[in-house]
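Visitor: I have the sequence and the coordinates open. Could you walk me through them?

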Amino acid sequence: FDSEYDDCWLRYDRAESDRLDTYRRLCTHAYVSDAGPELVAVREELRRGLGGLLDREPHLWHHPPRSVEGFLAIGGPEELRPISETVDPEEVRALDDDGFLIRSVEWEGSDCTVLTAPADAGLVYGTFHLLRLMSLGEPIDDLDIVSEPANAERIVDHWDNPFRRKVERGYAGPSIFDWERLPDLNERYADYARLLASVGINGISVNNVNTRIPGREGANDATSEWEGWQLIESRNLEKIAALAGVFRRYGIELYLSVNFASPVLASDLDTADPVEPEVAAWWERKATEVYDLIPDFGGFVVKADSEGQLGPYDYDRDHAEGANVIAEALAPHGGRLWWRAFVYSEHDDRAVQAYETFEPLDGEFADNVTVQIKNGPIDFQPREPVSTLFGAMPDTDLGCELQITGEYTGQGVHACYLVPQWKEVLDFDTHADGPDTPVKELLADREGQGIAGVGIVGDDPNWFGHYLLGSNLYGFGRLAWDPDLGSEEIADEWTRQTFGAGDAGETILEILMESWQASIDYHTGGIGLMHMMYNGEAALENHYDPAPEEWPEYHGATEEGIGYDRTAAGSGYAGQYREPIAARYEDPETCPEELLLFFHHLPWDHELEDGTTVVQRLYDNCFAGVEAVEELRDRWQGLEGEIDERRYRHVAERFDEHVLQAKRWRDTLCAFFYEHSGIKDEHGRPPAV
Ligand code: GCU
C-alpha cells in the first residue's frame, strides 16, 4: 500500500526474470467488462498488481484488443460476448456463486487468458487468484482452473467495540474501524477488504458479539454513548451502510452483532420475549429498515444467554424460539442469523454445556439460522478435542467458529501459526454419517454453512501485532475456501508472497510449522491440560500469563493425580461423541495421549505407552516447548541481513519476549506439578528439584 501501514502478502514485487516476459506477454493488456461495483475493484487491483508484477503500466481495455500477442479477458459469460466462443457459458453458470474459471485459450491469433464467473464476486476472487499465481512465480501460459469454495460462508467476526475503538481480545491496537468518524471513510477500509477478498473471505461482522458489557470500562449503562448494541439504532445505520459500500466492491457482505434485547434497548418496548407479536414486529421493522439502506446486507450475529448477554432464557424460551423470531424478520430479505452456541447450562463441566443446550433443538431452527459452534468445547485453547456438537445436529445449518486472534496462544507476542490446529479440527472424523464424515465435509457445499473466524487485525501499522501472525489471517481465508489445502502449502504461499522466494522463505516456513506444537507444550504440558491462564483484570495479562492455581476446575490437580474425568464416571462429555470415538476417549488406554488429561484424571505416576509417567511427560514437554521456541528464535536471528531490517528487528524483538514468556510458563507449570505431585523431574531440571 502507498501508506504508513504494511502491504502484507499483496506486495506485488516485480516478477522474477524467468517469468517476466511471459507474464508481460499475457497480461500487459486486459479487457475487463464494465458491469457492477466488483469490476471497479478488479480494475484497480489489476492496475496495482500488474503494475507491480510486470513493472509496467497495464493497458485496460473495454473491448478485446486485436493488435496484441496476448491479453487477459475478465467478465461474466454474457459480458464477454465478443469472445463468447472461448468458454461455454453453461459451464460457467453451473459454478457456485463465488466460484470462477480461468482458462488459457486462443482468440483470433492471440493468447487469451479468460477469467469468468457466474457472479461478479467470483471475478474478484479469480483476479486475486491469478495475481497470486504470478506473485508465486507460477506458470500461467496453460491454465485450466475451475475453483469453487468448499464453504459457502467464509466470515471474519470482529470483536470490535465502538467505545474508544477497543477490540476485545485484539492485540494489534485499536479497532480498524473509526466509529466516531464513520460514515466518513478512510483508505484503509478498502485495503482491508482487499486483504480479505484476496484469500476468499465473503463476509465480515464488524462489531463485538458482546454488544453490551455491563461493568466494563465505558459500558456504564444502556444510554452510554458507544455500546455495540447501539449500532442497530437508526442514527448509526449510516455507519454500517458506509462500510458495506466499501466491502461490497470486494464481494464481501456485512453483518452486525446485535443484542437479543434490542427491542427493549433500542425502542420503548418493555420486553424482548420472542413469542410476543410486538417483538416479532419490531425485528421485522428493523430488518426492513436495514435492508432498505443495505440491500445486500448479510444478517445478524447473536450471542445470547452467555457471559452477561441477555437471551431467550430470560423469558423462559429455548434457543430455537429465541433465534427464530430474528431469523424470520431477516428471511424475506435473504438475510441470515448466526446464532452462537457458546452458552452455559446448569452442568458443572463447561465442556458438556453447549451440546446439552443445542443437541435437543436439532431441526427446530429456521432455515436461515446458522448455529455457530466454537471448534472445541472450552474456549480456543492451544489444543482441544473437537466439539461434540458438529456431529450432533444433522438438521441444522452449522458454522465452525475459529479464533484467528491468539487469545490463548500468546496474543500479539508469541509466534503461533494456527492453520495446523484448524486442519486438525476440520479433518476430525465425527462419524456423524458413518466413518469418514470429517467436520469439513459436514460444513461443505451447503448454503448458510461455513466457517467464521474471530478477527485479528487492528490499527497497528503491521495489522496483526506480531508480523508473523499475518499468516493466520491468510491461512484462515485459504482454508475456508479449500480445507484440503495443506498447512505447509498455505504457509509456503504466505511466506513467498510476504518475504519473497529464497532461503529466508524456507526458514520462515519452518518456524511457522513448528510454532503451534511448541505453544501447546509450554502452555499445557502437551497431554490434554488447558486453560491455566491468568484471568485478572489487566488487559494484557488476561489469558496470557500462567496461573494454574487459579483454575482447579480445569486441570483437577490433587496430591494423587491430575486431569479431568470426562468419562461416564465423571462428567460424561466423552459419551457425547459418536462411536467409535466415544469408546476411544472413554478408555485411557486408547485415548490419544495429546488429549489424555482432558478426558481422564490419572495418578501422577500413571505410566504412558512408552513407560514414562504422566508427571515426567508434563515436565519433558514443558522443557521441549521452551527449547523449540529458543530454536525458532535462533533460526530467526540467522535471517539478519537476509530480509529488510524493519521486519527483521520487529520479529526478533518479539522472539526475545516469546522465549522469556515460554520459560515463565515452563517454570510456573513445572513448579505447580511438583508441588502437587511431590515427584521430582528425573532429569533434575529446575524448578522441580
Ligand atoms: C472468550 C473470550 C471472551 C469472549 C467469549 C465469546 O471467553 O475470552 O472475550 O467474549 O469467548 O466467545 O463470547
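Visitor: Which residues of α8 meet which residues of α9?

Guide: Happy to start there, after two notes on the source. This is a predicted model, in which local features need pLDDT of at least 70 and side-chain atom pairs count only at pLDDT 80 or more, while totals for chains, interfaces and linings use all residues. Residues are numbered from 1 along each chain as its sequence is written. Helices (H or I, at least four residues) and strands (E, at least two) are DSSP runs, numbered from the N terminus, and two residues are in contact if their C-beta atoms, placed from the backbone, lie within 7 Å. On the α8 side the contact uses V279, A280, W283, E284, K286 and A287, and these meet V325, I326, E328, A329 and L330 in α9.

Visitor: How many nonpolar, polar and charged residues does the contact of α8 with α9 have?

Guide: Ala, Val, Leu, Ile, Met, Phe, Trp, Tyr, Cys and Pro count as nonpolar, Asp, Glu, Lys and Arg as charged, and the others, Gly among them, as polar. Sorted in that way, the contact of α8 with α9 has eight nonpolar, no polar and three charged residues.

Visitor: Why are α8 and α9 called oblique to each other?

Guide: Axes are lines fitted to C-alpha atoms, for helices over the stretch in contact, and angles run from 0 to 180 degrees between N-to-C directions. Helix α8 (residues 277–293) and helix α9 (residues 319–330) pack at about 40°, their axes 8 Å apart. Angles under 35 degrees count as roughly parallel, over 145 as roughly antiparallel, 65 to 115 as roughly perpendicular and the rest as oblique. The pair α8 and α9 is therefore oblique.

Visitor: What is the handedness of the crossing of α8 and α9?

Guide: A crossing is left-handed if the near helix is turned anticlockwise from the far one by less than a right angle, and right-handed if clockwise. For α8 and α9 the crossing is right-handed.

Visitor: At what angle do α13 and α14 pack?

Guide: α13 also passes α14 in a right-handed crossing. Helix α13 covers residues 470–481 and helix α14 residues 487–499, with axes 10 Å apart and an angle of about 130°. That makes α13 oblique to α14, at about 130°.

Visitor: Which residues of α13 and α14 make the contact?

Guide: By class, the contact of α13 with α14 has five nonpolar, four polar and one charged residues. From α13 come G470, S471, Y474, G475, R478 and L479, and from α14 come I490, A491, W494 and T498.

Visitor: Which strands form the closed barrel?

Guide: Two strands pair if DSSP finds at least two bridges between them. By that rule there is a closed barrel of eight strands with parallel pairing, in the order β7-β8-β9-β10-β11-β12-β13-β14. The twist from one strand to the next averages 25°.

Visitor: Which residue of β11 does V301 stand opposite?

Guide: β9 pairs with β10 (residues 299–302) in the parallel sense over three bridges, with G299 as the bridge partner of Y255. β10 in turn pairs with β11 (residues 336–340) in the parallel sense over four bridges. There V301 stands opposite W338.

Visitor: Which residues surround the ligand?

Guide: A residue is near a molecule or strand if its C-beta atom, placed from the backbone, lies within 6 Å of it. The shell around the ligand divides into two nonpolar, one polar and six charged residues. They are E168, R169, V209, N210, K303, E307, F342, D379 and E407.

Visitor: Which strands stand at the edges of the open sheet?

Guide: The open sheet has six strands with mixed pairing, in the order β2-β1-β3-β5-β4-β6. Each edge strand has a single partner strand, so one side of each is left without a neighbour in the sheet; the two are β2 (59–61) and β6 (144–147).

Visitor: Where is P183 found?

Guide: The peptide bond from L182 to P183 is cis, with omega near 10°. P183 is in the loop between β7 (153–157) and α5 (187–198).
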